[in-house]
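Colleague: I'm new to this one. Can you walk me through it?

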Amino acid sequence: MGLVEIGIVLIKAVVVFACMLLCVAYLTWLERKVLGHMQVRCGPLRVGWHGLLQPIADGIKLLFKEDIVVSSANTFIYILSPMIVTGAAFAAIAVVPFGDQIEILGKKIALNIADVDIGVLYIFALSSLSVYGITLAGWSSNSKYALLGGLRSAAQMISYELPMGLSIIGVLMLSGSLRPVDIVESQDVWYIVKQPIGFLIFLICGFAECNRNPFDLPEAENELVAGFHVEYSSMKFALFFMAEYAHMIVLSALVATLFLGGWRGPVLPGVVWFMLKVFALLFFFVWVRATYPRFRYDQLMKFGWKVLFPVSLLNILVTGLGMVLWG
Amino acid sequence: MEQVLFWICGVVSIVFAVMMILKRNPVHSALCLIVVFLCLAVSYLLLGAEFLAAVQVIVYAGAIMVLFLFVIMLLNLDDEVHSPGKPRMALIAGSSIGSGLILLFLLTGGVFKALSGTRGAEKVVAGNTQAVAELLFTKYLLPFEVTSILLLAAIIGAIVLAGKKG
C-alpha cells in the first residue's frame with residue numbers, strides 16, 4: 001500500500017467520523033423536535049433558528065459540567081466502560097458502503113473506509129462487544145439501580161442478538177456473500193421484498209440492541225431512575241448518549257444496506273439515496289418512541305425467545321426451500 | 001509487520017492469561033479473559049482466517065463471556081476469600097507444574113516441527129468463509145453434526161437439572 005492509498009483511507013476515516021459526530025448531534029435535535037411536534041409541543045426553539053444550535057449548546061454544557069467519579073466505584077472500569085460503548089458504536093460504520101465507486105483524478109475510490117470480506121460479521125462482533133460497556137458501567141458504579149440496569153441490558157442483548165443474527169441469514173443466502181458491497185450489488189430487487197420477515201425481525205431486534213423504546217428497559221426512567229448510567233455525569237454521560245445515537249445510525253445504515261438496496265436508486269446520486277434511506281429509518285426510530293409504551297421485562301424475554309427466535313429459524317428454512325424450488 | 005503483531009499479541013495474551021488467574025476479583029478475571037480472547041482473534045486474523053476471528057469475537061468474547069459476567073454480577077460475588085491453605089506450597093506446586101507444562105510444549109513443538117515436513121500440506125485451504133463452509137459441509141460433516149448433537153444433549157441436561165429444583 002503506497003502513501004497515496006494510506007492518505008485516501010485517512011481522509012475517508014476523518015470525513016466519515018466528522019459526519020457521524022455531526023449526525024449524532026443533530027439526531028438529538030431531530031428527536032426532540034419530532035417528539036415535540038408529535039406531542040403537540042414545539043421542541044427546542046430558543047437557541048438559534050428553530051433550536052438549530054441546541055445540540056452545540058448541550059455539548060458545551062456537558063463538557064463543562066462537574067465530572068463526578070463515585071467514591072465507591074471501581075474507578076478503572078468505571079472510566080473504561082463509556083469508552084468501550086462509544087468506540088464500538090463508532091467503529092462499526094467503517095465497513096458500511098455509502099455509495100458506488102467514484103473517480104477523482106483518475107483514481108477509483110470506494111465509498112467505504114474498509115472493504116472487508118466479513119463486513120457484516122464485523123459489525124455484529126462490535127455490537128456484541130458494546131454490551132460490555134453497558135454491563136460494566138452498571139456493575140462498576142456500585143449502585144443498585146445501575147446494577148439492575150446493567151443486568152437487564154446483558155440479558156436483553158444476548159436474547160436479541162441471536163434472532164438478529166439469524167434474521168439476516170436469509171439475506172446472506174440470497175446474496176451469497178458477507179461483503180456489504182456485494183450484498184448491495186446483488187439487490188436488483190430490494191431484499192425487503194424477498195425477505196419481509198427477516199426485515200421485520202431485524203428491525204425489532206435492532207430496537208432492542210440500541211436500547212430504544214419499546215425495549216429501553218436498561219434505562220427505564222420511572223423504575224430504575226436512569227439505569228446503567230445513573231451514576232455518570234458530564235462528558236462520560238454524554239459518551240453513553242452519543243453511543244446510543246451512533247448505534248442507531250449504524251443500525252439504520254445496516255438496514256439500508258442489507259434490505260433497502262444501499263446506495264442504489266434512480267436519478268439521484270448514490271450517496272444521496274443512501275442518506276435518504278438512513279434518514280427515513282432514523283425518523284422511524286423516533287416515531288416508534290413517540291408511539292409505543294415500554295415492554296414489561298418478562299414480556300420482553302418471552303417475545304425474544306418464544307416468538308422472534310423460532311420465526312427467524314423458520315425464515316431460514318423457507319428461504320432455503322424457496323431457493324431450491326425457484327432458485 | 002506480521003511478526004511484530006504476532007509477538008505483541010502473544011505477549012499480551014500470556015500476560016492477561018496469568019492476570020486472570022492472579023486477580024482476586026472475579027469480574028476483573030473475566031475481563032482479562034476477554035482480552036485473551038481478543039488477542040486470539042487477532043492471531044486468527046494474522047493467519048488469514050477472518051471468519052474464525054469474527055466468530056471468535058462474536059461467540060466467545062461477545063456471548064459466552066457476557067453470560068459469565070451476568071452470572072458473576074447476579075450472584076454479586078465479592079473478592080475471593082483467602083483460602084486457608086499454604087500459599088507457599090501452592091506457589092511451589094504451581095511453578096513446578098507450570099515449568100513441566102512449558103517443557104512439554106517445547107518437546108511437542110519439536111516433534112511437530114520434525115513431522116511438519118510430512119504433514120503440513122492441507123492446512124492452507126481453510127482461509128476465508130467459503131472454504132470453511134465447504135470443508136464443514138463435506139469433509140467434516142460428521143464431526144460437525146456430532147458436535148451439534150453433543151451441544152443439544154448439554155442443553156437438555158441443563159433444562160432437566162434446572163427443572164428438578166422448581
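Modeller: Here is a short tour, topic by topic. Keep in mind that this is a predicted model.

Colleague: Which three residues supply more than any others on the chain A side?

Modeller: Y132(A), W139(A) and L151(A). Together they supply 29% of the area that chain A buries against chain B.

Colleague: How many salt bridges are there between chain A and chain B?

Modeller: The count is 0.

Colleague: Is T135(A) buried or exposed?

Modeller: T135(A) is buried. Its relative accessible area is 2%, so it falls under the 20% cut-off.

Colleague: What is T135(A) in contact with, leaving aside its neighbours within four places in sequence?

Modeller: G150(A), S153(A) and A154(A) from chain A, plus M73(B) from chain B.

Colleague: New topic, cysteines. How many disulfides are there over all chains?

Modeller: The count comes to 0.

Colleague: Which cysteine sulfur is nearest to that of C19(A)?

Modeller: That of C23(A), 6.3 Å away. A disulfide needs the two sulfur atoms within 2.5 Å, so C19(A) is in no disulfide. C23(A) is in no disulfide either, and its nearest cysteine sulfur is that of C19(A).

Colleague: What relative accessibility do C19(A) and C23(A) have?

Modeller: C19(A) has 41% and counts as partly exposed. C23(A) has 39% and counts as partly exposed too.

Colleague: On to the backbone. What is the phi of V40(A)?

Modeller: About 55 degrees, a positive value, although V40(A) is not a glycine. Most residues other than glycine have a negative phi.

Colleague: Where is V40(A)?

Modeller: In the loop between helix 1 (3-38) and helix 2 (54-63) of chain A. V40(A) is exposed, at 76% relative accessibility.

Colleague: And what about the phi of H50(A)?

Modeller: Phi of H50(A) is near 50 degrees, also positive, and H50(A) is not a glycine. H50(A) lies in the loop between helix 1 and helix 2 of chain A. H50(A) is partly exposed, at 37%.

Colleague: One last stop. Where is L166(A), and is it buried or exposed?

Modeller: L166(A) is in helix 5 of chain A. L166(A) is buried, at 16% relative accessibility.

Colleague: How many residues apart in sequence are L166(A) and N315(A)?

Modeller: They are 149 residues apart in sequence. In space they are 8.7 Å apart, C-alpha to C-alpha.

Colleague: So what does L166(A) contact, leaving aside neighbours within four places in sequence?

Modeller: F309(A), S312(A), L313(A) and I316(A).

Conventions
Residues are numbered from 1 along each chain as its sequence is written. Chains are lettered from A and ligands numbered from 1 in the order in which they are written. This is a predicted model: local features need pLDDT of at least 70, side-chain atom pairs count only at pLDDT 80 or more; totals for chains, interfaces and linings use all residues. Side-chain values use heavy atoms; hydrogens and water are left out. Buried area is the accessible area (1.4 Å probe) that two parts lose on being put together, summed over both. A salt bridge is a side-chain nitrogen of Lys or Arg within 4 Å of a carboxyl oxygen of Asp or Glu. Buried means under 20% relative accessible area, exposed over 50%, partly exposed in between (1.4 Å probe, protein chains only). Contact means heavy atoms within 4.5 Å. Helices (H or I, at least four residues) and strands (E, at least two) are DSSP runs, numbered from the N terminus.
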